[in-house]
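Subject: Handing over the structure

Hi there,

Here is the structure I promised to pass on. Have a look at it first, and then read on for what turned up.

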Amino acid sequence: MREKELRLALVCYGGVSLAVYMHGITKEIWRLARASQAQHDPHGDSAPGEDVYRQLLVEIEAEIGLKLRVLVDIIAGASAGGINGIFLGQAITTGQSLEPLTELWLDGADVEVLLDPDARPFSRFTKFWAVPIAWFLTGLRGTVTRTVEAGARNEVRAKLSHFVRARWFAPPFGGETFAGLLFDAFDAMAKTKGPQLLPIEQPLDMFVTVTDFHGHPERLRLHTPSEVVETEHRLILSFSDRHTSPRHLGDTAELVFAARATSSFPGAFPPFTLGELDRVVASRKRTWPSRAGFIARALPRQSAIDAADRTVLIDGSVLANAPFRPAIEALRDRPAKREVERRFVYIDPTPNLRGTRGPGKNNGSDVPGFFSTIFGALADIPREQPIRDNLDAIEARSTRIRRTRYIIEAIRPEVEHAIEQAIGNTLFLNRPTPRRLSSWRAKAQDVAARQAGYSYASYGHLKLSGIVEDNINLLLAMVGTSERMSLGRLRGAIWIEVRRRGISDVGALSVGGATPQVIDFFRAHDLGFRIRRLRSLASEIEAIGAGEDCPREALETVRAVIFEQLSRYLERQMPDFYDAAMVGAASAAIDMPDEALDALAAARGLEPIDDDADSALAEAFTQLPKAERRRMLFAYLGFPFYDIATLPLLAAEGQEEFNPIKVDRIAPDDATAIREGGALATLKGIQFNNFGAFFSRTYRENDYLWGRLHGADRLVDIVVSALPQGRTLPAGRVTAVKHRLFRAILEQERPRLTRISALFDALEQEIG
């Protein structure tokens, strides 16, 4: 059975009160991940609704011969998307349930709950001068009458009146109140228990954007002047469960820190400070033992000057509403034990829905008025900035990967001829053994270097530079937040040592190949070459598997060996792989770079792993028929030729997941299996510039239900799109799966969502 992982990297946008809608979507993602985990666990059990996802995976296995596993291993979010991403990450890494959050969202995401106690109106005379504004918004000719259906008008009018009568010129919502609700949410999740949703070797990396209101200085190097200082306001809070036991992302207080900070919507919530969280932790009689380490990691610049307590953080979507960049960077060094298809899935609750630019009209003019200009510039436009730059970066990466494949195919005949000339007929007359494979590999690398001519010197120096820089970054990562090291000083020390060894001298890498010193250095440190070679073999076995001639059992044997060996190299790229002695050598690398490099080479122990890989691959190749065995041997031995030709193109992606990335969106406009028309036809929280769901439980119930339905609709599409090219499920099967899933959601949610019975009746008719 062919095995494949569909890995989802989620990017969750902000959306203010549409956080409730996004909770419905992330809950479906969680349920799909649970169904996939249960499908791969012989003792796994699926809850109602999840069993439909599991049946879909069973059908794919039976009809297509593909054992598909769906994983969520990267999450990045901002504002409302940041909160939902944090909750989802906690559920995935710990096995806790998202179910308790639903009631908390429905009950707690309400203006009456969120209002700061000091901001609430105490009588009908409070802020009497605000009555005309309240009347304008709630009167017969006001916004509520124009936009809110009759059944919810009284609730919205009452709560909007209280909201408008609350204090002005200060945020109406309470920061400590919201932090308390977040603690309640995590505590409710902690009372549940379920299976962890990632394999033990697969890490979850999570990122949340926040905005440093005052900013922190960043030094930039120029020609003249040699250095300038600019203020940086963007911050990314990073969490990972790598090598934690039991698996966890961080203390609850740290997760609340991130959730509260990223959602400090300007004007609605007060800016977040560390003091606020400390007060909430103390009032709840909780402890936070990892506080100092977390603050040093989350606010390194501020901590270095003892200013963390004075740092003011506001909403993450102010400057980074679509945090693709940290998610893309997290692709580096991810483990792989089977075929991987990577998807970036971004959740956008209101695509193409223009925000409210502020009160008032422009009298038919295209020129915005005074308030429209201010509101648009400060709030709406930054959040609505399209993700073209992010998609261009992803597409450029995918294009480079596709281009390398074209290059490899173009030069394949010449490469295979060169291998035949160098090794002779013994390659095809004898079965490959570990000893032969190692000998052939060394000979092929020598021939590739000599035949490359002048291009080998540039290739060799590019590779050397990449190896050295990777070593520098790894050594720095081992030290972590130590202030004794800086990237500039460490880079200078390591490169001085490299030059002292003569590795980068003129002539060390030339038309004739490399000197013995360079060869020894590559053998001890060149992880990238080994990883690229095995990933090229993985691509080759997938190409062979696309046909029908090769026995499936042999294919799976080779595929398993490739990814097993690949994982051994990949883990040596991670700082957590190395022991305390190696970390000590890294800490002293500026003063003793020679000892640090030697210790790193010894800790990696690459040459014995190379021997193991040759042995495992030789045995696996013998399982293949002669034609496929020949093809895999050519791919393995020919890789030095291909690497010389393609490394300059793929230098940035060489050690990341070696496949083009596909991007999917989950948004109201995309989920049309039930109702078309996008957010305007389905969501209520879009009212009042996306604050609408804060004013009505009816609205929250509506948006949460549509979140689940839209999430289910799109997730089925995404899963089915991961089938091998040219393979599909029988006609009508996907539609039937969606309908079963929709009906299961309605059946599960009808008892809980008591204020939208009319919507349930309408959906029953629309689904059919």
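Arg31 belongs to helix α1. With a relative accessibility of 1%, Arg31 counts as buried; that word stands for under 20% relative accessible area, while exposed stands for over 50% and partly exposed for what lies in between (1.4 Å probe, protein chains only).

Before going further, a few notes on the model. This is a predicted model, in which local features need pLDDT of at least 70 and side-chain atom pairs count only at pLDDT 80 or more, while totals for chains, interfaces and linings use all residues. Residues are numbered from 1 along each chain as its sequence is written, and side-chain values use heavy atoms, with hydrogens and water left out.

As for the overall picture, the protein chain has 33 helices and nine strands. Helices (H or I, at least four residues) and strands (E, at least two) are DSSP runs, numbered from the N terminus. Of the 768 residues in the protein chain, 54% are buried. Among contacts with a separation of 6 or more, 80% come from residues 24 or more positions apart.

Back to helix α1, which spans residues 19-39 and also holds Ser36. Ser36 is buried, its relative accessible area being 0%. Its side chain reaches the backbone nitrogen of Val70 at 2.8 Å. Beyond its neighbours within four places in sequence, Ser36 is in contact with Leu57, Leu68, Arg69 and Val70.

Now for the charged pairs. Side chains of opposite charge can pair when their charged atoms come close. The whole structure contains 57 salt bridges, each being a side-chain nitrogen of Lys or Arg within 4 Å of a carboxyl oxygen of Asp or Glu. One of them joins Glu28 and Arg31, at 3.8 Å from N to O. Because these two residues are three apart in helix α1, about one helical turn separates Glu28 from Arg31. Both Glu28 and Arg31 are buried.

Another salt bridge pairs Arg279 with Glu176, with 2.7 Å between the closest N and O atoms. This pair links distant parts of the chain, since Arg279 sits in helix α11 and Glu176 in helix α9, 103 residues apart. Arg279 is partly exposed at a relative accessible area of 46%, and Glu176 is partly exposed at 39%. Arg247 and Asp241 form a salt bridge too, their closest N and O atoms being 2.7 Å apart. Here Arg247 and Asp241 are both buried. Through shared partners, salt bridges join Lys27, Glu28, Arg31, Glu99, Arg708, Glu749 and Arg752 into one network.

Which residues of helix α11 are buried? In this helix (residues 274-283), they are Leu274, Glu276, Leu277, Val280 and Val281. Seen down the axis of α11, they fall within an arc of 160 degrees, so they line one face of the helix; the arc is that of the directions from the helix axis to the C-beta atoms. The face turned away from the buried side carries the exposed residues Ala282 and Ser283. The buried residues of α11 pack against α9 (175-190), α10 (252-262) and α12 (291-298). Just after α11, Lys285 takes a positive phi of about 55 degrees.

The largest nonpolar core has 120 residues, and Phe87, Phe257 and Leu705 have the most contacts inside it. Such a core is a set of buried Ala, Val, Leu, Ile, Met, Phe, Trp, Tyr and Cys residues joined through side-chain atoms within 4.5 Å.

Lastly, the strands. In strand β2 (residues 66-78), 12 of the 13 residues are buried. Strand β1 (residues 2-12) runs parallel to β2, and 11 bridges join them; two strands pair if DSSP finds at least two bridges between them. Val11 stands opposite Ala76 in β2. Five bridges join β2 to strand β3 (residues 205-221), again running parallel, and Ile75 stands opposite Met206 in β3.

Enjoy exploring!

Best wishes

Notes. A polar contact is a pair of N or O atoms within 3.5 Å; within protein, one must be able to donate a hydrogen and the other to accept it, and residues adjacent in sequence count only if both atoms are side-chain atoms. Contact means heavy atoms within 4.5 Å.
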